[in-house]
Amino acid sequence: MSQVTTLPRAGIRRRPRRGRGAGINVFYLPALLIFAIFTIYPLLNGITLSFTNWNGYSAARDVVGAANYLRLFEDETFRMVLLNTFIFGIGSTVIQQILGLGLAVALDRPLRGRTAIRAIIYLPVLVSPVIMGTMYYLFFQYNNGALNDITTLFGGERIAWLSDSQTAVLIIVLVNSLQFVGISMIIYLAGLQSIPTVYYEAANLDGAGAWQQFRHITIPLLQPAFATSIVLNLIGGLKLYDIIQVLTGGGPGYSTNSVSTLVGVAYFDNQSAGYASAMGVVLFLIIVVFTLGLNTLLNRRRLEQQ
Amino acid sequence: MKSRSVLFAVGTVIALAATGCSSAASEGTTLEFQTGLSIDAQLMAAFEEASSDYEAANQGVTIDLIPAGTNYEADMKVRLAAGNVPDILWTHGWSLLRYSEFLAPLQDEPWAEHFNPVLSDAMVNDAGEFFAFPVDTDVAGLIYNADVLDQVGVDPADIVTWDDFTDAATLVKAAGIVPIAAAGKDSGAGQLADWLAPGAYTDDELTELAAGRFVDQPYQDLLDLVESWKDQELYNPDYSSASEDDVARALSSGDAAFAFNPNSMVSNATQYNPDVTLGYLPVPSITGDDPYLIGGEYNAYGLSKTGDNLELAKDFLNFLAQPAQAGALASAVGSIPGMTNATSELGALQDSYDRYVADGTVPLKPYFDRVYLPNGMWNTMVTSTDSVITGQSAPSGALTQVKSDFSSLFGQSN
């Protein structure tokens with residue numbers, strides 16, 4: 001009878017067998033492949049196109065160097081639209097943080113029907129932005145719009161809400177904020193529920209009021225939630241497309257376009273696919289810079305508070 | 001053993017994915033026909049009838065009539081870029097300048113000898129080739145509601161200058177009716193500019209434009225006129241949110257007097273109210289020249305030159321080009337046929353045709369953007385004019401936008 005020698009269990013752990021992880025790797029290759037085909041390839045292709053004068057459909061295209069990027073600096077419409085994009089991004093983010101945090105704090109407390117209220121507030125997130133935009137278009141439109149019908153019911157004049165660019169931009173920010181406030185609320189609710197109650201109990205014993213508790217316990221301990229919510233909302237706001245298309249189509253003139261919608265206009269309507277690609281690359285870089293900058297800033301603040 | 005299991009699992013996943021890609025074997029041949037039409041358009045109904053007749057005579061052939069979404073042009077550009085050109089597609093005025101590199105030349109087809117020569121400027125290239133079958137010869141003017149004008153005591157025949165028009169519009173407004181109905185949501189501002197522009201430029205200035213040199217003052221005059229109507233509140237108050245359907249309804253119900261649209265607008269309006277009396281009159285000229293009509297290619301269909309079914313598609317076009325079929329199709333849009341050997345019922349527009357078109361004395365000018373502006377300028381015309389109508393921009397600001405885009409797009413396309 002041969003003697004079987006077994007290695008101690010701990011020894012096996014210290015010596016990983018060759019290829020053990022490689023088998024697992026095969027399972028994420030399809031996802032990696034899809035990511036490469038639908039994200040990496042279009043990104044690289046878009047960057048390449050931005051250095052050409054392609055019209056978007058013809059076989060012919062010439063390399064024009066950095067001409068499309070230089071044109072961006074001279075394009076007044078692009079500057080206006082870039083400002084709109086910042087308003088959509090930052091405006092929506094601010095509104096969603098204030099409303100989302102307020103709703104989260106209110107709905108974190110024992111309240112009759114709070115699960116139903118949370119679901120109702122979150123429900124618009126599940127709806128397509130096109131549907132949301134259409135609903136609000138029907139609300140704000142001049143003829144047969146619900147808001148104007150209500151106004152005239154009380155003897156008021158009809159107002160062309162979407163004809164004034166400033167009003168229309170604000171409406172777009174508001175609609176986008178109301179649709180996605182549920183995401184902020186959920187993130188803050190999760191953050192609130194992870195804060196140990198002992199801190200509040202101790203603060204109560206020390207005589208701290210509700211505002212002091214919110215200011216010195218809730219806000220500091222919600223820093224990770226702030227980072228997540230702000231970055232998500234900011235990216236969504238900077239990329240805003242669907243709601244603008246449905247509510248105003250970018251008009252009047254170009255005045256309510258975002259960079260995302262202007263890319264579509266330049267690509268398909270003006271037949272300047274190269275120029276549109278340059279806009280897309282710039283938008284991509286703006287989002288990267290904003291996101292990385294914000295993440296760094298919020299992480300630094302969190303570390304300082306720890 | 002473990003690696004075999006992994007390979008088996010991966011293989012299974014790939015096999016399952018592959019089954020989703022398999023398609024059922026098809027019988028016969030299907031021609032994809034991108035009509036560019038809404039599902040309820042009268043021309044769509046005429047195509048359905050013609051397709052049924054063709055299918056009955058050609059067993060195994062199916063004509064797949066596809067209605068257009070709101071992004072027809074963008075969809076087509078994507079398909080052209082991908083090399084996936086439909087068998088038959090609507091060229092909406094661009095068979096030569098945009099689509100010709102993808103389309104089969106049709107000048108040698110049996111019906112080509114009946115091609116209406118009026119369309120040559122817009123559709124035939126220097127080599128004598130053309131690339132689409134014209135359903136109609138589009139002739140358009142300033143659409144008016146005769147009942148409304150009669151109500152305010154205006155004879156449309158008296159409108160020969162823009163001052164005449166503005167006076168008539170002011171009377172209409174005083175009667176509580178919208179003078180000018182435009183569809184801000186459906187590029188109505190661009191059509192307004194397209195109607196006005198041919199009369200803003202002299203022949204010499206048009207030559208300059210065609211050579212790539214933008215001439216400012218005529219376009220400034222055009223935008224000033226657009227702004228003056230805004231200042232006098234002559235546009236529909238729901239302009240920004242109005243669709244073409246809204247304009248058709250307003251014309252049909254007598255809630256609007258004038259519209260700057262192709263004649264398909266009249267067909268749509270009479271669908272809402274068959275009793276309404278609509279017509280069109282020649283467009284006054286800003287320079288003071290004679291009023292003119294606008295025309296050219298509109299409802300025309302080309303064939304993919306690389307399509308597998310090119311010969312069958314040509315046969316189908318031959319069928320559509322027969323006088324009876326061509327006449328029925330043109331009647332559906334209330335226009336003159338694109339074939340000289342066909343006749344059509346112009347319906348509500350018969351009087352206007354008899355008065356202004358039949359004797360050929362009123363000049364017919366091409367759609368301005370297609371001939372004198374570089375490819376891609378349509379959207380600039382829409383947005384710049386729109387910004388003036390809505391007061392977002394002064395004419396000078398809108399002009400700067402037009403000039404800038406003209407320069408960059410002309411450079412791109414030449």
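Begin by selecting the contact between the two chains, where 30 residues come from chain B and 31 residues from chain A; contact here means heavy atoms within 4.5 Å. This is a predicted model, in which local features need pLDDT of at least 70 and side-chain atom pairs count only at pLDDT 80 or more, while totals for chains, interfaces and linings use all residues. Residues are numbered from 1 along each chain as its sequence is written, chains are lettered from A and ligands numbered from 1 in the order in which they are written, and side-chain values use heavy atoms, with hydrogens and water left out.

Keep both chains displayed. Chain B and chain A bury about 2600 Å² between them, 51% of it on carbon and sulfur atoms; buried area is the accessible area (1.4 Å probe) that two parts lose on being put together, summed over both.

Next, select α1 (2-21), α3 (72-81), α16 (378-389) and α17 (395-413) of chain B, each of which supplies at least two residues of the side that touches chain A. The residues of that side comprise 10 nonpolar, 13 polar and 7 charged; Ala, Val, Leu, Ile, Met, Phe, Trp, Tyr, Cys and Pro count as nonpolar, Asp, Glu, Lys and Arg as charged, and the others, Gly among them, as polar.

Chain B contains 17 helices and 13 strands, which are DSSP runs (helices H or I, at least four residues; strands E, at least two), numbered from the N terminus. Its C-alpha atoms fill a box of roughly 90 × 50 × 45 Å along the principal axes. Of the 414 residues of chain B, 54% count as buried, meaning under 20% relative accessible area (1.4 Å probe, protein chains only).

How values were computed:
Buried means under 20% relative accessible area, exposed over 50%, partly exposed in between (1.4 Å probe, protein chains only).
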